[in-house]
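Start with the structure itself.

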Amino acid sequence: MAVGYRLRHVIESQQFSRTVLEDLLARADEIKREPHHFSGRLNGRVMAALFYEPSTRTRLSFEAAMLRLGGQTMGTDNAREFSSAAKGETLEDTIQIVGGYADVIVLRHYEEGAARRAAAVSVVPVINAGDGPGQHPTQALLDLYTIREKRGKIADLHVVIVGDILFSRVARSNIFGLVKLGARVTLVGPTTLVPREFEKLGVAVSHEIDNVLPEADVVNLLRIQHERQRKEYFPGLSEYTALFGLTKERAKLLKPDCLIMHPGPINRGVEIDSEVADGAQSVILDQVTNGLAVRMAVLYLCGGISP
(Lines give C-alpha, C1' and ligand atoms only; values in the text may rest on other atoms or scores of the structure.)
Protein backbone atom coordinates (compact mmCIF):
# COMPACT_ATOMS: atom_id res chain seq x y z
CA MET A 1 0.00 0.00 0.00
CA ALA A 2 1.53 3.26 -1.14
CA VAL A 3 -0.41 5.62 1.13
CA GLY A 4 1.99 7.20 3.59
CA TYR A 5 0.09 10.22 4.82
CA ARG A 6 -3.01 11.36 6.65
CA LEU A 7 -5.74 13.48 5.10
CA ARG A 8 -6.32 16.82 6.77
CA HIS A 9 -9.56 17.82 5.03
CA VAL A 10 -11.54 16.42 2.09
CA ILE A 11 -13.11 19.42 0.38
CA GLU A 12 -12.94 19.01 -3.41
CA SER A 13 -11.79 16.51 -6.01
CA GLN A 14 -9.10 18.74 -7.48
CA GLN A 15 -7.23 18.80 -4.18
CA PHE A 16 -6.02 15.26 -4.93
CA SER A 17 -3.07 14.50 -7.16
CA ARG A 18 -3.31 11.49 -9.44
CA THR A 19 -1.07 9.57 -7.05
CA VAL A 20 -3.25 10.37 -4.06
CA LEU A 21 -6.41 9.40 -5.96
CA GLU A 22 -4.91 6.06 -6.96
CA ASP A 23 -3.72 5.44 -3.40
CA LEU A 24 -7.14 6.25 -1.95
CA LEU A 25 -8.76 3.80 -4.35
CA ALA A 26 -6.19 1.18 -3.41
CA ARG A 27 -6.88 1.71 0.30
CA ALA A 28 -10.61 1.32 -0.33
CA ASP A 29 -9.90 -1.87 -2.26
CA GLU A 30 -7.89 -3.20 0.67
CA ILE A 31 -10.73 -2.39 3.06
CA LYS A 32 -13.33 -4.05 0.83
CA ARG A 33 -11.21 -7.22 0.49
CA GLU A 34 -10.22 -7.51 4.15
CA PRO A 35 -12.62 -5.43 6.27
CA HIS A 36 -11.72 -7.35 9.44
CA HIS A 37 -8.23 -5.86 9.33
CA PHE A 38 -9.74 -2.40 9.86
CA SER A 39 -12.30 -3.25 12.49
CA GLY A 40 -11.68 -1.19 15.63
CA ARG A 41 -9.02 1.03 14.03
CA LEU A 42 -10.92 4.18 15.03
CA ASN A 43 -11.94 2.92 18.45
CA GLY A 44 -12.56 5.85 20.79
CA ARG A 45 -12.92 8.41 17.99
CA VAL A 46 -16.11 10.33 17.29
CA MET A 47 -17.55 11.51 13.99
CA ALA A 48 -20.00 14.43 13.97
CA ALA A 49 -22.42 14.51 11.02
CA LEU A 50 -23.69 18.05 10.42
CA PHE A 51 -26.29 17.90 7.66
CA TYR A 52 -27.89 21.23 6.77
CA GLU A 53 -29.63 19.50 3.85
CA PRO A 54 -31.60 16.24 4.04
CA SER A 55 -29.81 13.03 3.14
CA THR A 56 -30.33 9.34 3.66
CA ARG A 57 -27.73 7.40 1.70
CA THR A 58 -24.75 9.71 2.30
CA ARG A 59 -25.29 10.13 6.02
CA LEU A 60 -26.01 6.45 6.65
CA SER A 61 -23.00 5.49 4.53
CA PHE A 62 -20.69 7.69 6.61
CA GLU A 63 -22.21 6.48 9.87
CA ALA A 64 -21.90 2.83 8.86
CA ALA A 65 -18.31 3.44 7.76
CA MET A 66 -17.39 5.00 11.11
CA LEU A 67 -19.12 2.25 13.08
CA ARG A 68 -17.36 -0.48 11.09
CA LEU A 69 -14.04 1.19 11.93
CA GLY A 70 -14.93 1.03 15.63
CA GLY A 71 -15.73 4.71 16.07
CA GLN A 72 -18.87 6.45 17.27
CA THR A 73 -21.19 8.91 15.56
CA MET A 74 -23.38 11.84 16.52
CA GLY A 75 -25.10 14.59 14.60
CA THR A 76 -28.29 16.01 13.17
CA ASP A 77 -30.27 15.38 9.99
CA ASN A 78 -31.50 18.95 9.70
CA ALA A 79 -28.97 21.32 11.23
CA ARG A 80 -30.49 24.21 9.29
CA GLU A 81 -33.58 24.11 11.52
CA PHE A 82 -32.59 22.06 14.55
CA SER A 83 -29.26 23.58 15.55
CA SER A 84 -28.01 26.92 16.78
CA ALA A 85 -28.03 28.07 13.14
CA ALA A 86 -31.75 28.68 13.67
CA LYS A 87 -30.74 31.13 16.43
CA GLY A 88 -28.34 32.99 14.18
CA GLU A 89 -25.07 31.19 14.91
CA THR A 90 -22.61 31.28 12.03
CA LEU A 91 -21.31 28.12 10.38
CA GLU A 92 -17.82 29.01 11.53
CA ASP A 93 -18.89 29.22 15.18
CA THR A 94 -20.80 25.94 14.91
CA ILE A 95 -17.77 24.16 13.43
CA GLN A 96 -15.47 25.42 16.18
CA ILE A 97 -17.90 24.26 18.86
CA VAL A 98 -18.50 20.84 17.31
CA GLY A 99 -14.76 20.43 16.79
CA GLY A 100 -14.48 20.39 20.58
CA TYR A 101 -16.70 17.32 20.75
CA ALA A 102 -15.61 15.28 17.73
CA ASP A 103 -12.48 14.02 15.98
CA VAL A 104 -13.84 14.52 12.45
CA ILE A 105 -16.77 16.50 11.03
CA VAL A 106 -18.79 15.35 8.02
CA LEU A 107 -20.59 18.39 6.63
CA ARG A 108 -23.43 18.69 4.14
CA HIS A 109 -24.55 22.26 3.47
CA TYR A 110 -26.85 24.09 1.09
CA GLU A 111 -24.27 26.78 0.23
CA GLU A 112 -21.43 26.25 -2.22
CA GLY A 113 -18.11 26.90 -0.49
CA ALA A 114 -19.40 26.02 2.98
CA ALA A 115 -16.99 23.11 3.39
CA ARG A 116 -14.03 25.33 2.57
CA ARG A 117 -15.21 27.89 5.11
CA ALA A 118 -15.59 25.16 7.72
CA ALA A 119 -12.14 23.74 7.06
CA ALA A 120 -10.58 27.19 7.44
CA VAL A 121 -11.59 27.37 11.12
CA SER A 122 -11.80 23.72 12.15
CA VAL A 123 -9.31 22.11 14.54
CA VAL A 124 -10.39 18.66 13.30
CA PRO A 125 -10.66 17.26 9.75
CA VAL A 126 -13.70 18.33 7.74
CA ILE A 127 -15.14 16.04 5.05
CA ASN A 128 -17.37 17.65 2.47
CA ALA A 129 -20.53 15.54 2.05
CA GLY A 130 -21.96 17.99 -0.48
CA ASP A 131 -22.01 21.79 -0.45
CA GLY A 132 -24.93 23.08 -2.50
CA PRO A 133 -24.07 22.86 -6.21
CA GLY A 134 -20.37 22.85 -5.31
CA GLN A 135 -18.78 19.42 -4.85
CA HIS A 136 -19.31 15.96 -3.39
CA PRO A 137 -15.80 14.43 -3.39
CA THR A 138 -16.56 11.10 -1.71
CA GLN A 139 -19.30 10.41 -4.27
CA ALA A 140 -16.72 10.98 -6.99
CA LEU A 141 -14.29 8.64 -5.24
CA LEU A 142 -16.86 5.84 -5.03
CA ASP A 143 -17.78 6.37 -8.68
CA LEU A 144 -14.13 6.18 -9.70
CA TYR A 145 -13.68 3.08 -7.57
CA THR A 146 -16.70 1.39 -9.15
CA ILE A 147 -15.52 2.13 -12.69
CA ARG A 148 -12.05 0.81 -11.97
CA GLU A 149 -13.41 -2.27 -10.22
CA LYS A 150 -15.72 -3.17 -13.11
CA ARG A 151 -13.56 -2.15 -16.07
CA GLY A 152 -10.09 -2.68 -14.62
CA LYS A 153 -8.97 0.87 -15.40
CA ILE A 154 -10.13 4.46 -15.82
CA ALA A 155 -7.56 5.83 -18.25
CA ASP A 156 -8.78 6.00 -21.87
CA LEU A 157 -12.36 5.07 -21.01
CA HIS A 158 -15.10 7.28 -22.47
CA VAL A 159 -17.36 8.43 -19.61
CA VAL A 160 -20.60 10.17 -20.56
CA ILE A 161 -22.27 12.25 -17.82
CA VAL A 162 -25.92 13.00 -18.60
CA GLY A 163 -28.28 15.56 -17.15
CA ASP A 164 -28.14 18.59 -14.91
CA ILE A 165 -24.43 19.40 -14.97
CA LEU A 166 -24.89 23.02 -13.91
CA PHE A 167 -26.32 22.32 -10.46
CA SER A 168 -24.76 18.90 -9.84
CA ARG A 169 -22.00 18.68 -7.26
CA VAL A 170 -21.64 15.01 -8.25
CA ALA A 171 -20.88 15.94 -11.86
CA ARG A 172 -18.36 18.59 -10.87
CA SER A 173 -16.45 16.29 -8.53
CA ASN A 174 -16.52 13.43 -11.03
CA ILE A 175 -15.23 15.57 -13.88
CA PHE A 176 -12.10 16.62 -12.00
CA GLY A 177 -11.36 13.07 -10.83
CA LEU A 178 -12.01 11.42 -14.19
CA VAL A 179 -9.86 13.88 -16.12
CA LYS A 180 -7.03 13.53 -13.63
CA LEU A 181 -7.07 9.74 -14.04
CA GLY A 182 -7.03 9.93 -17.82
CA ALA A 183 -10.65 9.30 -18.83
CA ARG A 184 -12.31 10.95 -21.83
CA VAL A 185 -15.39 12.81 -20.61
CA THR A 186 -18.45 14.01 -22.51
CA LEU A 187 -21.19 16.07 -20.87
CA VAL A 188 -24.71 15.69 -22.26
CA GLY A 189 -27.82 17.66 -21.38
CA PRO A 190 -30.00 20.67 -22.17
CA THR A 191 -28.13 23.79 -23.30
CA THR A 192 -29.30 25.57 -20.15
CA LEU A 193 -27.82 22.89 -17.87
CA VAL A 194 -24.44 22.13 -19.43
CA PRO A 195 -21.90 24.90 -18.69
CA ARG A 196 -19.00 25.36 -21.08
CA GLU A 197 -16.47 25.97 -18.29
CA PHE A 198 -15.22 22.38 -18.31
CA GLU A 199 -14.15 22.47 -21.94
CA LYS A 200 -10.87 24.02 -20.81
CA LEU A 201 -10.15 20.67 -19.12
CA GLY A 202 -10.55 18.85 -22.43
CA VAL A 203 -14.12 17.80 -21.69
CA ALA A 204 -16.53 17.53 -24.65
CA VAL A 205 -20.08 18.88 -24.63
CA SER A 206 -23.06 17.49 -26.56
CA HIS A 207 -26.78 18.14 -26.57
CA GLU A 208 -27.64 15.02 -28.60
CA ILE A 209 -27.53 11.91 -26.41
CA ASP A 210 -28.22 9.40 -29.18
CA ASN A 211 -25.01 10.40 -30.98
CA VAL A 212 -22.88 9.83 -27.88
CA LEU A 213 -24.24 6.64 -26.33
CA PRO A 214 -22.77 4.16 -28.86
CA GLU A 215 -19.26 5.36 -28.00
CA ALA A 216 -19.66 5.28 -24.22
CA ASP A 217 -17.85 2.94 -21.85
CA VAL A 218 -19.67 4.41 -18.85
CA VAL A 219 -22.91 6.38 -18.68
CA ASN A 220 -23.39 8.29 -15.43
CA LEU A 221 -26.90 9.67 -15.12
CA LEU A 222 -27.59 12.57 -12.78
CA ARG A 223 -30.47 13.37 -10.49
CA ILE A 224 -32.60 16.31 -11.55
CA GLN A 225 -31.89 19.08 -9.06
CA HIS A 226 -35.44 20.39 -8.61
CA GLU A 227 -34.54 22.22 -5.42
CA ARG A 228 -31.88 24.33 -7.13
CA GLN A 229 -33.30 24.93 -10.60
CA ARG A 230 -35.46 27.75 -11.82
CA LYS A 231 -38.16 26.95 -14.40
CA GLU A 232 -36.24 28.53 -17.26
CA TYR A 233 -33.40 26.01 -16.83
CA PHE A 234 -35.44 22.83 -17.14
CA PRO A 235 -37.51 21.69 -20.16
CA GLY A 236 -40.09 19.73 -18.12
CA LEU A 237 -40.13 16.08 -17.10
CA SER A 238 -41.71 14.54 -20.18
CA GLU A 239 -39.60 16.61 -22.55
CA TYR A 240 -36.46 15.80 -20.57
CA THR A 241 -37.16 12.08 -20.76
CA ALA A 242 -37.81 12.30 -24.49
CA LEU A 243 -34.55 14.15 -25.11
CA PHE A 244 -32.16 12.76 -22.48
CA GLY A 245 -33.73 9.90 -20.50
CA LEU A 246 -32.08 6.49 -20.73
CA THR A 247 -35.09 4.60 -22.03
CA LYS A 248 -35.14 0.92 -22.97
CA GLU A 249 -34.77 1.88 -26.64
CA ARG A 250 -31.82 4.16 -25.96
CA ALA A 251 -30.14 1.49 -23.83
CA LYS A 252 -29.97 -0.67 -26.96
CA LEU A 253 -27.47 1.84 -28.38
CA LEU A 254 -24.96 1.01 -25.63
CA LYS A 255 -22.06 -1.38 -26.01
CA PRO A 256 -22.65 -4.65 -24.11
CA ASP A 257 -19.95 -3.85 -21.56
CA CYS A 258 -20.99 -0.23 -20.99
CA LEU A 259 -21.64 0.54 -17.31
CA ILE A 260 -24.77 2.43 -16.24
CA MET A 261 -24.39 4.54 -13.08
CA HIS A 262 -26.56 6.90 -11.04
CA PRO A 263 -25.73 8.58 -7.69
CA GLY A 264 -29.35 8.43 -6.49
CA PRO A 265 -31.99 9.07 -5.53
CA ILE A 266 -33.31 7.78 -8.87
CA ASN A 267 -36.28 9.38 -10.58
CA ARG A 268 -37.39 6.20 -12.35
CA GLY A 269 -39.13 6.75 -15.65
CA VAL A 270 -37.59 10.19 -16.05
CA GLU A 271 -33.77 9.97 -15.88
CA ILE A 272 -33.75 6.22 -16.48
CA ASP A 273 -36.23 3.49 -17.26
CA SER A 274 -36.84 1.23 -14.27
CA GLU A 275 -35.89 -1.95 -16.17
CA VAL A 276 -32.64 -0.35 -17.30
CA ALA A 277 -31.83 0.77 -13.76
CA ASP A 278 -32.24 -2.81 -12.57
CA GLY A 279 -30.66 -4.43 -15.63
CA ALA A 280 -27.41 -6.33 -16.14
CA GLN A 281 -25.40 -3.26 -17.16
CA SER A 282 -26.44 -1.24 -14.12
CA VAL A 283 -23.88 -0.91 -11.30
CA ILE A 284 -26.02 1.40 -9.18
CA LEU A 285 -26.16 -0.97 -6.22
CA ASP A 286 -22.42 -1.58 -6.55
CA GLN A 287 -21.92 2.17 -6.14
CA VAL A 288 -23.78 2.00 -2.82
CA THR A 289 -21.68 -0.93 -1.57
CA ASN A 290 -18.45 0.65 -2.74
CA GLY A 291 -19.37 3.92 -1.07
CA LEU A 292 -18.99 2.21 2.29
CA ALA A 293 -15.43 1.04 1.55
CA VAL A 294 -14.44 4.41 0.10
CA ARG A 295 -15.80 6.35 3.06
CA MET A 296 -14.11 3.95 5.46
CA ALA A 297 -10.84 4.72 3.66
CA VAL A 298 -11.42 8.47 3.88
CA LEU A 299 -12.37 8.36 7.56
CA TYR A 300 -9.44 6.09 8.31
CA LEU A 301 -7.00 8.52 6.73
CA CYS A 302 -8.66 11.49 8.45
CA GLY A 303 -8.86 9.74 11.80
CA GLY A 304 -5.37 10.24 13.09
CA ILE A 305 -4.19 6.71 12.32
CA SER A 306 -0.80 6.23 10.76
CA PRO A 307 -1.12 4.06 7.64
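Helix H11 is largely enclosed by the rest of the structure, because 15 of its 19 residues are buried (under 20% relative accessible area, 1.4 Å probe, protein chains only). The model is predicted: local features need pLDDT of at least 70, side-chain atom pairs count only at pLDDT 80 or more, and totals for chains, interfaces and linings use all residues. Residues are numbered from 1 along each chain as its sequence is written, and side-chain values use heavy atoms, without hydrogens and water.

**Helix H11**
- H11 covers residues 284-302; helices are DSSP runs (H or I) of at least four residues, numbered from the N terminus.
- A kink of about 25° is centred on Asn290 (the angle between axes fitted to the seven residues ending there and the seven starting there).

**Nonpolar cores**
- The largest core has 56 residues; a core joins buried Ala, Val, Leu, Ile, Met, Phe, Trp, Tyr and Cys through side-chain atoms within 4.5 Å.
- H11 gives this core its largest share, 9 residues.
- A second, separate core has 22 residues, including Val188 and Leu246.

**Aromatic rings**
- There are 4 aromatic pairs (Phe, Tyr or Trp rings, the six-membered one for Trp, with centres within 6.5 Å; planes under 30 degrees apart are stacked, over 60 edge-to-face, the rest tilted).
- Phe176 and Phe198 pair edge-to-face, at 6.1 Å and 75°.
- Tyr240 and Phe244 form a tilted pair, at 5.7 Å and 45°.
- Both Tyr240 and Phe244 are buried.

Conventions:
Helices (H or I, at least four residues) and strands (E, at least two) are DSSP runs, numbered from the N terminus. The expected span of a helix is 1.5 Å times one less than its number of residues. Buried means under 20% relative accessible area, exposed over 50%, partly exposed in between (1.4 Å probe, protein chains only).
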